[in-house]
2 protein chains.
Amino acid sequence: MSETKEKIVSLADKLIRVKGFNAFSYKDISDPLQVKNAAIHYHFPTKSDLGMEVLDKELRSLEENSAKWKKLPEDEQLIKFCGVFRKHCNNGNVCLMGSLAPDYETLSPEMQQKVQQMAATILEWMTGCLEQGRKHKRFRFKGDAGDRALLVISNLQSSLLLSRVLGPSAFNRISRQLLEDLGA
Amino acid sequence: MSETKEKIVSLADKLIRVKGFNAFSYKDISDPLQVKNAAIHYHFPTKSDLGMEVLDKELRSLEENSAKWKKLPEDEQLIKFCGVFRKHCNNGNVCLMGSLAPDYETLSPEMQQKVQQMAATILEWMTGCLEQGRKHKRFRFKGDAGDRALLVISNLQSSLLLSRVLGPSAFNRISRQLLEDLGA
DNA sequence: AAAGTTACTTACTTAGTAGTAAGTAAACAA
DNA sequence: TTGTTTACTTACTACTAAGTAAGTAACTTT
């Protein structure tokens with residue numbers, strides 16, 4: 001992958017997280033990288049293709065992280081996961097799901113499918129983490145682990161959105177309660 | 001207010017909730033209402049003016065509801081509040097905060113301020129509801145009521161976003177746990 | 001009856017948007 | 001050394017966006 005191509009993808013990632021998929025244009029990428037918009041079309045024929053690459057990169061990063069954390073106790077895995085969100089919060093980003101879910105109806109069918117896949121992958125990982133963590137007495141919670149996983153993801157996602165509006169303290173207040181409620 | 005003006009506002013509300021503020025255009029409003037785009041500019045000179053009216057309408061509806069529910073027990077007030085979100089979920093809508101927070105950086109300063117005001121208003125109401133509800137033994141939860149209010153709002157907001165991607169069961173799974181966790 | 005006001009339409013401008021076709025310079029392969 | 005591929009640029013198209021100026025028909029006020 002060429003250097004320019006990588007820069008395009010990571011700038012697109014940032015733009016999706018800061019302005020939203022429909023609010024950024026090729027100019028927002030070509031200007032700072034000092035290339036022409038046709039250079040972006042060379043690497044990604046359509047905007048959807050670019051969006052797909054951003055999503056694929058996120059999915060790869062997810063797999064990478066979960067593999068890296070596999071041996072850690074489940075409560076520490078969850079803290080690492082929260083750490084990713086904390087970092088995004090500090091950078092003024094929202095998560096990809098938080099940015100793309102509101103725009104879902106305007107996305108290409110292939111992007112919609114990929115967003116679904118990403119949601120399923122995150123939910124699967126979180127469910128396993130909570131389930132194993134409860135078995136190993138590192139978490140305390142009632143009910144189905146899948147349901148609880150949905151709640152945790154929902155909170156992390158919203159904490160970034162609300163931090164936009166209410167300031168970064170929102171993230172801290174939400175994530176702290178989240179871990180407390182799980183007895184972590 | 002003329003009939004057309006009301007129709008413009010409620011269609012804009014719907015479009016913000018379904019496609020997002022930056023993804024809908026005046027054509028999306030003028031075509032179904034069978035007027036020209038200049039008719040929209042007559043009532044709302046700029047897109048920001050239109051967005052402001054949608055936000056003002058939402059704030060009025062919020063005040064209306066909280067006044068209407070004032071005499072109810074707090075757990076029933078919360079269930080009513082969840083009911084508003086359930087209805088949106090069934091209509092394929094997300095909430096205004098969930099739609100506008102990701103686009104926050106692209107909004108006009110006046111819209112940003114109004115979104116902040118809306119967030120503060122909701123948070124204030126929810127904090128009061130939880131605080132009073134705990135005092136009257138209708139809710140059971142630890143910690144600061146304001147923090148817990150943030151958590152509840154965060155969950156309701158995300159439940160609509162995730163329902164887009166994962167289907168409407170996400171809303172039910174999240175809202176059920178929410179009420180259970182409060183002992184409601 | 002005259003003058004204004006309301007609620008538009010007609011017709012337009014300006015400034016983008018994603019996307020494309022053809023050309024080019026440099027690196028690489030046969 | 002020739003041919004091919006890579007990674008672009010130049011220069012463009014077709015379209016859509018928000019926004020505006022001027023005109024008009026109907027209703028309201030004086």
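**A buried serine, a nonpolar core and the A–B interface**

Leaving aside residues up to four places away in sequence, S159(B) is in contact with F171(B) and I174(B). The model is predicted. S159(B) sits in helix α8 of chain B, which covers residues 145-166. Its relative accessibility is 0%, so S159(B) counts as buried; the cut-off for that class is under 20%.

Nonpolar residues come next. In soluble globular proteins, nonpolar side chains tend to be buried together. Here the largest nonpolar core has 120 residues, and the members that touch the most others are M126(A) and M126(B). With residues up to four places away in sequence set aside, the contacts of M126(A) are L78(A), F81(A), A149(A), V152(A) and I153(A).

The two chains also meet each other. Chain A and chain B each bring 38 residues to the contact. Between them an area of about 3,600 Å² is buried, and carbon and sulfur atoms give 59% of that area. On the side of chain B, the residues that lose the most area to chain A are P102(B), L150(B) and V165(B), together 17% of what that side buries.

One of the salt bridges joins E105(B) to R164(A), with the closest N and O atoms 3.6 Å apart. Polar contacts across the interface link 24 residue pairs. In chain B, helices α6 (96-100), α7 (109-135), α8 and α9 (169-181) each supply at least two residues of the side that touches chain A. α8(B) gives the most, with 14 residues. By class, that side of chain B has 17 nonpolar, 11 polar and 10 charged residues.

Note on methods: Residues numbered from 1 in each chain as written. Chains lettered and ligands numbered in written order. Predicted model: local features only at pLDDT ≥ 70, side-chain atom pairs only at ≥ 80, totals over all residues. Heavy atoms only, no water. Core = buried A, V, L, I, M, F, W, Y, C linked by side-chain atoms within 4.5 Å. Buried < 20%, exposed > 50% of the residue type's maximum accessible area, 1.4 Å probe, protein only. Contact = heavy atoms within 4.5 Å. Helix = DSSP H or I, 4+ residues; strand = E, 2+ residues; numbered from the N terminus. Buried area = accessible area lost by both parts, 1.4 Å probe. Salt bridge = Lys/Arg side-chain N within 4 Å of Asp/Glu carboxyl O. Polar contact = N/O pair within 3.5 Å; in protein donor to acceptor, adjacent residues only side chain to side chain. Nonpolar A, V, L, I, M, F, W, Y, C, P; charged D, E, K, R; others polar.
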